[in-house]
Amino acid sequence: MKINEKSLAKYAGSGVPPDREGFLLKKGVLHKAFQRRWFILKGNLLFYYEKRADKDPLGVLVLEGCTVELSDLEDGFMFMLHFPGTSSRTYVLAADSQEDMEGWMKALSGASYDYLKICVTELQKTLKDLETNSNLALLKGAVKERKFLVESGFIKDSSMSASSSSSNHVATHHRHNPFNADYSFDRGSVSSQSENSPDYTDSSRVSTVEKKARTFLEMHADLSEQISEISKLWLEANPHSKLKWPSNKNCT
């Protein structure tokens, strides 16, 4: 692979923040002694300098395809960068501490393009699973909420309406709504308790609640009137009761 040295040197000295930087001991190829170098990791490129203040790097390692392993050759906080292939090469590096060595090994292991590609693929899969589960949860919630509204009588079930229109003999069942019920009462059963009480079985005097949407004040007024009439009938049927009907009708 051809590398443009000027472009690499320019990139190394650019303002791109490094992923990691610090001093490491690097074992030479010809001379086996360790030399202290300043290393800068940017993406999948590992630059090393003779001194920290130098502008141009001594060399660069492209970390594609390499493996990061602990070194068991000598004592110390050493690790290896091994590049397989016909022209395989192993770089031996050493850090100043156990923590520094682990930090460098972790950063170098995740610097290759192949590793990042695997991470992106896993993240995309996770995101897709989250979106699928989220959409499924929203769908289930919408179905549950619609079922509750249909059973409560707030909305009509379009599927049931379509089936009822196609067949007039199909009966639709709705949940009982107390506010749509007929609140009329049997006045005859109450008035029969007293011989002198008038006949209240006249249907013209029976107050019913129309089966349509009404306001709370309308329902309250209708129920108050019915309660008043029932209470009066009970008092007439039980004249010896200690309960007295209030003169002020607003008490209901």
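Two strands are taken to pair if DSSP finds at least two bridges between them, the strands (E, at least two residues) and helices (H or I, at least four) being DSSP runs numbered from the N terminus. The model is predicted, so that local features need pLDDT of at least 70 and side-chain atom pairs count only at pLDDT 80 or more, whereas totals for chains, interfaces and linings use all residues. Residues are numbered from 1 along each chain as its sequence is written, and side-chain values use heavy atoms, with hydrogens and water left out.

Seven strands form an open, antiparallel sheet in the order β4-β3-β2-β1-β7-β6-β5, in which β4 (59-62) and β5 are the edge strands, each pairing on one side only. The antiparallel strands β2 and β3 are joined by five bridges, and Trp38 has Tyr49, in β3, as its bridge partner.

Helix α2 (residues 98-109) comprises 12 residues and reaches 16 Å from its first C-alpha to its last, close to the 16 Å expected at 1.5 Å a residue, the expected span being 1.5 Å times one less than the number of residues.
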